[in-house]
Amino acid sequence: MKKILFILLFAFQLMNAGVKDTIPQINPFQKYYAVTFDKEDCDACGCSASGGSMGFSSMLNNNFIGVRYVYQSYTAKEGVFNNSPWVDENFNTVQVWGRIPISKHIQITTLIPFHDNYRDLPATGKQTISGLGDLTVMGMYTVFQTPVDSIPAYAHKLQFGVGVKAPTGKYNLANNGTLNPSFQLGTGSWDYLLVTEYVLKRKQLGLNNVLSYTFKTENQKQYQFGNQLNYGSTLFYLLDLNSVKLVPQAGLAGEVYEANKQVKQEVLGTKGDILFSKFGVEAGRNNWSIGINTMLPINQNLTGGNVKANYRWSINLNYKL
């Protein structure tokens, strides 16, 4: 437990130190919305999960530092036969996250996850893996934004970004012996991301659209997780209740995974896709905000039907910078 607290405290101090020398940038749209960034470093079925499209930014505060807890529930078939047993898999993640302005048009987002995952195996009992996950850093550039001094019927914002995920989480090849090869703390590889985001807003009502693609490389164990496409659309509404602000939201999020490779050869039954519904709300008062989100699968085909996503939920506490 002391080790976990030390890691989180060190990460928090490291990120906070980077903020002290930063001049805060006022987002002209912040009065009405904050971006919902649906990128995540999650691989199929939980590996290095950061929330599975639950978002990478606060709905209320564009620049912040905070802590988020994410829970993911899966059921996996432990064997290749029709009568093979199904086991429950649980992924618990605590993240230190933040979004820091570098200039008027550039923001840096950082995510430091710590995982505690476990599953109950019929033959050997409970299996647990815990530790630091993969660190993700990404920069977003604002290509176009409706001027703050104009009063248009609709406001627009378009951003493009690039990112990198470092292999700071431990990868264990032995865990690939099951039908869920993503029961890991990390991919063991350097992965790279491309992201585009478009926000359309009319008064307090807004629609956020995100598309991202993750290029994954081969790790030192000659295993390569498949490239990943994420897409999402979230409808949100700002309720300004004087001392408290509420932002209810609802939308859809999808994930598409290419096949994994081992020694350059495709691993059968590792590709898949899933579509989620998303519901949540964030409440803010002064410099603090708290958010709760849940995701329920609408349609899925993960690892040839041998892994089923049950649900995901998260809760976060942020401090406005």
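The following questions and answers walk through a predicted model of one protein chain.

Visitor: How many helices and strands does the secondary structure of the protein chain come to?

Guide: The chain has 321 residues, of which 50% count as buried. Among contacts between residues at least 6 apart in sequence, 64% join residues at least 24 apart. As for the secondary structure of this chain, the count comes to 1 helix and 17 strands.

Visitor: Which strand gives the most residues to the nonpolar patch on the surface?

Guide: The patch, with about 1000 Å² of accessible area together, includes F279, W288, Y311 and W313. The elements that give two or more residues to the patch are strand 15 (272-285), strand 16 (288-302) and strand 17 (307-320). The element that gives the most, with 5 residues, is strand 17.

Visitor: Is F279 buried, partly exposed or exposed?

Guide: F279 lies in strand 15 and is one of the residues of the nonpolar patch. Buried means under 20% relative accessible area and exposed means over 50%, with partly exposed in between. Because the relative accessible area of F279 is 43%, this residue is partly exposed.

Visitor: What kind of aromatic pair do Y69 and W313 form?

Guide: The structure holds 10 aromatic pairs, and in the one formed by Y69 and W313 the ring centres are 5.4 Å apart, with the planes at 65°. This pair links distant parts of the chain, since Y69 is in strand 1 (residues 64-77) and W313 is in strand 17, 244 residues apart. Planes over 60 degrees apart count as edge-to-face, so the pair of Y69 and W313, at 65°, is edge-to-face.

Visitor: How many residues apart in sequence are the parts that the pair of F91 and F183 ties together?

Guide: The rings of F91 and F183 have their centres 5.9 Å apart and their planes at 65°, so this pair is edge-to-face. F91 lies in strand 2 (residues 86-101), whereas F183 lies in the loop between strand 6 (155-166) and strand 7 (191-202), so the parts tied together are separated in sequence by 92 residues.

Terms used: Residues are numbered from 1 along each chain as its sequence is written. This is a predicted model: local features need pLDDT of at least 70, side-chain atom pairs count only at pLDDT 80 or more; totals for chains, interfaces and linings use all residues. Side-chain values use heavy atoms; hydrogens and water are left out. Patches are made of residues with over 30% relative accessible area and no salt bridge: like charges are joined within 9 Å, nonpolar side chains (Val, Leu, Ile, Met, Phe, Trp, Tyr) within 5 Å. Accessible areas come from the Shrake-Rupley method with a 1.4 Å probe; for residues, only the protein chains shown count as cover. A salt bridge is a side-chain nitrogen of Lys or Arg within 4 Å of a carboxyl oxygen of Asp or Glu. Helices (H or I, at least four residues) and strands (E, at least two) are DSSP runs, numbered from the N terminus. Buried means under 20% relative accessible area, exposed over 50%, partly exposed in between (1.4 Å probe, protein chains only). Contact means heavy atoms within 4.5 Å. Rings of Phe, Tyr and Trp (its six-membered ring) pair if their centres lie within 6.5 Å; planes under 30 degrees apart count as stacked, over 60 as edge-to-face and the rest as tilted.
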